[in-house]
Amino acid sequence: MASILIKNAQMITMNEKEEITHGDLYIEGDRIKAIGGNLNVAFVDKVIDATNRTIIPGFVQTHIHLCQTLFRGKGDDLELLDWLKKRIWPLEAAHDQESIYYSALLGIGELIQSGTTTIVDMETVHHTDFAFQAIAASGIRALSGKVMMDQGSEVPKLLQENTTESLQASVDLMEKWHMHDNGRIQYAFSPRFVVSCTEALLKEVSQLSKAHKIHVHTHASENKAEIELVERETGMRNVVYLDYLGLATNRLILAHCIWLDDEEKRIIKENGVNVSHCPGSNLKLASGIAEIPSLLEQQISVSLGADGAPCNNNLDMFNEMRLAALIQKPVHGPTAMDARTVFKMATIEGAKAVGMGSEIGSLEVGKKADIAILNLNDFHVYPSFDVDPISRIVYSATRADVETTIINGKIVMENRIMRTIDKELTLREANLAIKRLMKRMSHLR
């Protein structure tokens with residue numbers, strides 16, 4: 001069983017007391033074995049000198065689209081429904097097995113470089129097995145699933161599914177990948193959103209989630225035009241409809257939730273539904289600003305996600321934390337969404353949202369060793385004297401400050417060098433893949 005001793009580090013634990021300590025952290029296998037000052041370990045496979053470094057729990061991003069990483073820069077300056085119809089759906093329809101694989105690796109590389117160790121990922125209709133292969137090879141912790149779309153007149157033909165076949169393909173992937181690598185990879189049923197899913201499909205997803213105790217990951221109330229479509233088709237608002245179908249449970253992760261009414265907030269709170277806030281995406285698509293302070297006041301579970309590269313242009317949790325804090329202050333005042341609240345959303349609250357609050361999201365003995373080591377010794381984060389370390393991270397630090405990332409007790413990036421992904425190969429294949437997809441997309445129209 002491999003072991004790692006990290007010495008002389010500042011540790012932002014995010015435990016129940018939110019302690020910030022200084023000392024050593026010992027990893028044995030995939031778990032944190034000991035935390036303390038000057039730990040005496042008889043034998044260790046690797047020692048990391050973390051003098052003048054800060055270690056934090058790895059970030060947990062609860063809404064990501066790895067299949068869209070190749071589309072970075074291809075959907076700029078559009079609102080949600082036009083963005084989907086004109087760019088994203090045609091590009092997803094053009095995907096092949098290899099392009100899905102390298103799109104996933106490209107995204108995972110970026111996530112690891114910026115200290116993210118766990119993601120909730122929504123793929124596209126086809127070739128999802130190849131995304132899972134990339135997830136498995138990279139070492140990242142993930143809940144992922146194929147997107148489900150069995151209705152929609154403006155959906156490309158290649159993305160239009162038969163209800164039964166969509167459900168069967170999802171179950172097949174669940175049986176193959178759920179709890180892979182001792183639970184590092186889990187499956188999540190992923191109906192895209194109410195607009196593109198029949199009631200029959202959503203009802204069956206509700207039953208499957210209940211039977212297998214598996215998360216459901218979908219979008220809701222992101223865009224006013226989307227909400228109007230849902231109301232016109234169902235006679236109900238998004239969250240009310242999902243509750244009617246039995247989907248509003250603590251296994252549901254809802255991305256965005258910008259335009260909620262009081263009844264929807266009540267349903268979310270009473271049923272323990274998890275909200276994934278994506279401020280960068282919401283701003284870029286001009287969707288709006290979610291009422292996060294109101295949700296937090298009601299003790300609703302809120303975590304953070306970058307969404308996809310074509311609606312954000314990066315997958316950087318530092319960017320999402322900063323935006324999440326800043327966009328609320330002009331309306332709710334300077335103390336709204338303080339640094340500590342936002343950092344919790346990026347770590348332990350994300351862990352709770354994926355049902356792993358006892359396993360990840362904080363630095364504690366017995367938890368999984370998902371850790372990022374930061375070097376905060378540079379112009380943009382100084383002076384450090386008498387400054388809250390969490391404020392330094394949320395308001396001043398950047399992804400470039402992440403030196404080393406450890407997931408499940410394994411070093412996946414060390415001193416900014418990727419250990420599980422061939423960077424040059426991935427960059428080269430990503431360019432070849434998007435060139436192929438753009439050409440194929442032009443023939444599909």
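Helix H2 (residues 97-113) has 17 residues, which at 1.5 Å a residue should span 24 Å, and its end C-alpha atoms lie 25 Å apart, in agreement with that expectation; the expected span is 1.5 Å times one less than the number of residues. Helices here are DSSP runs of H or I with at least four residues, numbered from the N terminus. The model is predicted, with local features requiring pLDDT of at least 70 and side-chain atom pairs counted only at pLDDT 80 or more, while totals for chains, interfaces and linings use all residues. Residues are numbered from 1 along each chain as its sequence is written, and side-chain values use heavy atoms, without hydrogens and water.

Of the 17 residues of H2, 14 are buried, so the helix is largely enclosed by the rest of the structure (buried means under 20% relative accessible area, with a 1.4 Å probe and protein chains only). At the start of H2, a side-chain oxygen of Asp 96 comes to within 3.2 Å of the backbone nitrogen of Glu 98, whereas just after the helix Gly 115 adopts a positive phi of about 85°.

Helix H16 (residues 389-396) and helix H14 (residues 339-346) have axes, here lines fitted to C-alpha atoms over the stretch in contact, that come within 9 Å and cross at roughly 75°. H14 and H16 are therefore roughly perpendicular, a term for angles of 65 to 115 degrees. The axes of helix H12 (residues 317-326) and H16 come within 7 Å and cross at roughly 95°, and these two helices are therefore also roughly perpendicular to each other.

Definitions and conventions:
Axes fitted to C-alpha atoms, helices over the stretch in contact; angles between N-to-C directions. Parallel < 35°, antiparallel > 145°, perpendicular 65-115°, else oblique. Buried < 20%, exposed > 50% of the residue type's maximum accessible area, 1.4 Å probe, protein only. Polar contact = N/O pair within 3.5 Å; in protein donor to acceptor, adjacent residues only side chain to side chain.
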